[in-house]
Amino acid sequence: MRSSGYTSVCMHADEFQEALLRVMERKQHWAWPAFTNGRVAKDQLHIHLEHEYAVYVRDFPVMVGRAYVQCPIPEVRRELAENLYEEETGGLAAGRPHPELFMEYPRGLGMDLERFERVTLLPRAKKYRDFLDTATGEKGWDVATAVVTLFIEGTAHERGELDPNAKKRPEPPLEEHPLVKHYGLPIESLKLTKAHRKVEGNHRASAWKSVLGHVKEDRRSAVVKAMEQALMHWLAYRDDVAEACSLKP
Ligand SMILES: [Fe+2]
């Protein structure tokens, strides 16, 4: 990092990319394996799914929309508009709105769907959601775009999206999906997983192109800071869900 003038601290492009990748590489939570190897009881899995839904899945298209309306760069707006359209309508790939397709998981598992309409967020889930609302609505297009398209949509395998030699995002066969394998979800209920596999490569490439290519040099450290805060809030949110699901580190 280098100083330019008295007030702003600028980051080189390669430093910026590396800092963002390092945040994403830490988007891993100790309790995740318990959800993917079937150790969480089905009635407690409810807590996980309804939280994911209420914390970001249900309103994800709105969050993309917030980035869109703040963005002065037509090229980035076009990418965001495409993402928003697909998420809100499924018109390009999925055929149905993504939040609706998410609900096929609890429906296929025979869960009480009404609970998804009145989720009381755990304290740190609420904090993460409040952070997302502020970061997407009040901090400028660059922070909103990074938090929505890199942090929320991205995984710990982002390096593999940019570097052909890095480990790729794993895509196990659908029969191996934890909800199918351990909780008896019918494969037909994995509509959202299938849709994401269709559009995900595109969304990842477009997210990185928008952020690396268009965030101004003197805004890069603010974007990295917001990404670090997103990570901190996300880890705390996942701690709360793990605890509610009777998991211990
Ligand atoms: Fe989606």
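Student: Helices here are DSSP runs (H or I) of at least four residues, numbered from the N terminus. With that settled, where is the place of R204?

Tutor: This is a predicted model, and in it R204 belongs to helix α12.

Student: Is R204 buried or exposed?

Tutor: R204 has a relative accessible area of 0%. Buried means under 20%, so R204 is buried.

Student: And which residues is R204 in contact with, neighbours within four places aside?

Tutor: The contacts of R204 are T149, L150, E153, G154, E158, E161 and R169, once neighbours within four places in sequence are left aside.

Student: What about T193, where is that one?

Tutor: T193 is also a residue of helix α12. Its relative accessibility is 12%, so T193 counts as buried. Not counting residues up to four places away in sequence, T193 touches Y105, L174 and H177.

Student: Back to α12 as a whole. How far apart are its end C-alpha atoms?

Tutor: They are 33 Å apart. Helix α12 has 24 residues, 191–214, and at 1.5 Å a residue these should span 34 Å, so the two values agree.

Student: Where does α12 bend?

Tutor: The bend is at V199, and it amounts to about 50°. V199 is also one of the buried residues of α12.

Student: Which other residues of α12 are buried?

Tutor: Besides V199, they are L192, T193, A195, E200, H203, R204, S206, A207, W208, S210 and V211.

Student: What do the buried residues of α12 pack against?

Tutor: Their partners are α1 (13–25), α5 (74–89), α6 (98–102), α7 (104–108), α9 (141–152) and α10 (159–162).

Student: Changing topic to the aromatics: how many pairs does the count come to?

Tutor: The count comes to six aromatic pairs. One of them is Y53 with F102, whose ring centres are 5.8 Å apart and whose planes are at 15°, so this pair is stacked.

Student: Which helices does that pair link?

Tutor: Y53 is in helix α3 (residues 42–57) and F102 is in helix α6; the two residues are 49 residues apart, and the pair thus links distant parts of the chain. Y53 counts as buried because its relative accessibility is 9%. F102 is buried as well, with a relative accessible area of 6%.

Student: Which residues do ring pairs link into a cluster?

Tutor: The cluster consists of Y53, F102, Y105 and F116.

Student: Which charged ends sit over rings?

Tutor: The charged end of K27 sits over the ring of F151, at 4.8 Å from the ring centre. The charged end of R238 sits over the ring of Y237, at 5.2 Å from the centre.

Student: Now the largest nonpolar core. Which members touch the most others?

Tutor: They are L20, F102, L132, F151 and M227, in a core of 71 residues. Helix α13 gives the most to this core, with ten residues.

Student: F102 again. What is it in contact with, sequence neighbours aside?

Tutor: Leaving aside residues within four places in sequence, F102 contacts L49, E52, Y53, V57, F116 and L192.

Student: Next, α4. Which of its residues are buried?

Tutor: In helix α4 (residues 60–70), the buried residues are F60, P61, M63, V64, G65 and A67. Their cover includes α3, α5, α6, α8 and α9.

Student: And D133, which helix is that in?

Tutor: D133 lies in helix α8. With a relative accessible area of 23%, D133 is partly exposed. Its contacts, not counting residues up to four places away in sequence, are M63, R66 and E138. The C-alpha atoms of D133 and Y56 are separated by 9.7 Å, although these residues are 77 residues apart along the chain.

Student: Last one: what is phi of S246 near?

Tutor: Phi of S246 is near 60°, which is a positive value in a residue other than glycine. S246 is in the segment after α13, and with a relative accessible area of 49% it is partly exposed.

Methods:
Residues are numbered from 1 along each chain as its sequence is written. This is a predicted model: local features need pLDDT of at least 70, side-chain atom pairs count only at pLDDT 80 or more; totals for chains, interfaces and linings use all residues. Side-chain values use heavy atoms; hydrogens and water are left out. The expected span of a helix is 1.5 Å times one less than its number of residues. The bend at a residue is the angle between axes fitted to the seven residues ending there and the seven starting there. Buried means under 20% relative accessible area, exposed over 50%, partly exposed in between (1.4 Å probe, protein chains only). Contact means heavy atoms within 4.5 Å. Rings of Phe, Tyr and Trp (its six-membered ring) pair if their centres lie within 6.5 Å; planes under 30 degrees apart count as stacked, over 60 as edge-to-face and the rest as tilted. A charge sits over a ring if NZ of Lys or CZ of Arg is within 6 Å of the ring centre and within 35 degrees of the ring normal. A nonpolar core is a set of buried Ala, Val, Leu, Ile, Met, Phe, Trp, Tyr and Cys residues joined through side-chain atoms within 4.5 Å.
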